[in-house]
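Keep the view open while you read, and find each element as it comes up.

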Amino acid sequence: MLKAENLSFQIGDNLLIDNVSLTLLPGEFTMVLGPNGAGKSTLLKLLTGTETPRQGQVWYGDQLLRSIPLSTLARQKAVLSQLLSLPFDLSVAEVVMMGRYPYFDLNPTSLDKQIADDCLETVGMFSFKTRAFASLSGGEKQKVHLARVLAQLYRQAEDRSVKYLFLDEPISALDIHYQHQILSLVRELASQNIIVFVIVHDINLALQYAQKVILIDKGRIYGMGSANEVLTETAIEAVFKLRPYFITHPETGRRVMIC
Amino acid sequence: MKLSSLTPGSWYGILAILQLLSIVAALRIGAVDLTFDDINHILLNGMGLSNTTIDPISQGLFLQIRLPRVLLCATVGAGLSVSGVLMQALFRNPIVEPGLVGTSSGAALGAALVFVLGKNINWAFTDALGLFLLPCVAFTFAFFATLLVYRIASVSGKVNVATMILAGIAINALATGGTGFLSYIARDPQARSITFWNLGTFSGADWTQFAIVFPVTSIGVLLSLRFTKALNILILGEDEVRHLGYNIDRLKIQVLLLNTLLVAIGTAMVGVISFVGLVVPHLLRLLKTSDNRFLVIASALLGGSLLTLADTLARRLVAPAEFPIGVITAFVGAPVFIWLLIRNARSFQKGGFYA
């Protein structure tokens, strides 16, 4: 279980996160939505320990996040941030192998190599293994980074511990085929005792995949709960300043938003 | 040629053979050329395995002058090159080298201070440090110069390359000014040793220097290997280093300290040798890899070989006099650096430094 109590964070006089409390449970696919600059990425940074909150505390299970050694944390928690370009070129295999760094000392074991290959296979990038990372398209890079965090959280058969996966817009550069493939994959991961916290922009994807939605506006939680409870007409209009219309999906009966 | 066509292991093999060959060549060639027979006999005699009569002058030359010099050269070359790899990884920039970020000129200032003032003022610790005074002072100055450049460059939270290069220029100017002032107030022999020292020379190499530099450099290179995983992750970004289990702030300070140790210990003994730390990692990056594990080991071997060969040239070209080795590395290194710049500018158009 991940618990955050009364988190606040500010830079200068700018209050980016204002008294946010939340609880995330394993097996629950949580999606975070909100307008640009609402504080989604900042909240993710506070929950992952990248930034230290001005006030409040973050608990991973019954341990304070601050008190967990970074090397231990690296085997429990993986983060996929919005990445910029790399100053040096690496091969795809080298990038994915970084996900295994917390597990070996100087040289990867054959198991580490096997896991890296499996994870590349999972995201459909195995045939790119020896390619230069810089030569990939934006979407391909995103998939390789996803393979890297999958490798980091790869669970051995006897491992029953809770894991934490944070993704900051993991599908922004993917075509619709891969958007759905990756989100299905992440949903399946969530069911394996992993706490999944994903920032997305697409409200329809949230309606389709999320088990829990956190809607953030101006550094505060506007609504938190199931997708249908939180993503209402009034909430979307209040937060995104845009009047939505909902129709019903002809086959699944799911709500679909159009503008 | 791609790294993938040969395993890192075979590259280590090739570079180790190159290192051995360059050492053997350097041992033979010089103001007095020695034959393999001579070297063989001297070595066997030295180990007490045979008792051939040899020219005592050759023997003295080989054991007391040439052997320590060549070994020191290989060690310093390795230290400078590994330091180049560390700096490029830490600054996340492929054109950084110890000379550019103040390390070398800081060490030079520290050493000049010892040359000129060391004998005149009676620091409490002068006697206690003894032989280690020069390396210690050079290290302290080198560290603070590098730290200052790093701090200025990262004032906005992440390292800004343009600021870093400008800060490097400023700190270099300051340190060079200090060194210049010291040579101005120095007496003649002191000024001469500062000048020579600024161009680098192995002519003073002896077993004592080797005994200090070799263990420190070896430990430094081995320690560097411990940081290679974290430095690899740093290619992705600072936050990623943290997410994969390393403390980024501690990493920066540790790498900076290690780098300064590697540069200052060599620089304190043989002076400023430019371009080695820049060019050697770059030559290896041509193999299309940025894996710091490979770069550290391979740079140590290649850097040692190249500096040994450069020193052989320095000894042979105008024998029996000799060139300062810094002149040779600059003559060879600067054109290579310019070629790299042009190559980088071209590959930028293709979307990446090594794309």
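Start where the chains meet: 25 residues of chain A are in contact with 25 residues of chain B. Keep in mind that this is a predicted model.

**Where chain A touches chain B**

- Helix 2 (70–73) and strand 6 of chain A each supply at least two residues of the side of chain A that touches chain B.
- Helix 2 of chain A gives the most to this side, with three residues.
- Sorted by class, the side of chain A that touches chain B has 17 nonpolar residues, six polar ones and two charged ones.

**The sheet of chain A**

- Chain A holds an open sheet of six strands. Their order is 6-7-8-3-9-10, and the pairing is mixed.
- Which strands form the edges? They are strand 6 (77–80) and strand 10 (220–225) of chain A, and each pairs on one side only.
- On average, neighbouring strands of this sheet are turned by 15 degrees against each other, direction ignored.
- Take one pair as an example. Strand 9 (residues 212–217) and strand 10 of chain A run antiparallel, joined by five bridges.
- You can trace a bridge between residues: A:Val213 has A:Gly225 in strand 10 of chain A as its bridge partner.

**Helices across the sheet strands**

- Helix 5 (residues 138–152) of chain A lies across strand 6 and strand 7 (163–168) of chain A. Helix 5 runs at about 175 degrees to strand 6 of chain A.
- Helix 6 (residues 176–190) of chain A lies across strand 3 (29–33), strand 7 and strand 8 (194–199) of chain A. The angle between helix 6 and strand 8 of chain A is about 145 degrees.

**The domains of chain A**

- Chain A is divided into domain 1 (2–76 + 161–258) and domain 2 (86–160).
- The C-alpha centres of domain 1 and domain 2 of chain A lie 24 Å apart.
- How many residues make the contact? In chain A, 16 residues of domain 1 are in contact with 13 residues of domain 2.
- Strand 7 and helix 6 of chain A each supply at least two residues of the domain 1 side.
- Helix 6 of chain A has the largest share of that side, three residues.
- By class, the domain 1 side has nine nonpolar, four polar and three charged residues.

**Chain B**

- What is chain B built from? Its secondary structure comes to 14 helices and zero strands.
- Of the 355 residues of chain B, 48% count as buried.
- Look at contacts in chain B with a separation of 6 or more: residues 24 or more positions apart account for 78% of them.

**A helix pair in chain B**

- Helix 9 (residues 207–234) and helix 13 (residues 292–316) of chain B pack with their axes 8 Å apart.
- Their angle is about 150 degrees. Angles over 145 degrees count as roughly antiparallel, so helix 9 and helix 13 of chain B are roughly antiparallel to each other.
- Helix 9 of chain B brings residues including B:Val221, B:Leu225 and B:Leu231 to the contact. Helix 13 of chain B brings B:Asn292, B:Arg293, B:Val296 and B:Ala300.
- By class, this contact of helix 9 with helix 13 of chain B has five nonpolar, four polar and one charged residues.

Conventions. Residues numbered from 1 in each chain as written. Chains lettered and ligands numbered in written order. Predicted model: local features only at pLDDT ≥ 70, side-chain atom pairs only at ≥ 80, totals over all residues. Pairing = 2+ DSSP bridges. Helix = DSSP H or I, 4+ residues; strand = E, 2+ residues; numbered from the N terminus. Axes fitted to C-alpha atoms, helices over the stretch in contact; angles between N-to-C directions. Contact = placed C-beta atoms within 7 Å. Buried ≥ 20, exposed ≤ 12 C-beta atoms within 10 Å, placed from the backbone. Nonpolar A, V, L, I, M, F, W, Y, C, P; charged D, E, K, R; others polar. Parallel < 35°, antiparallel > 145°, perpendicular 65-115°, else oblique. Domains from an automatic or database assignment.
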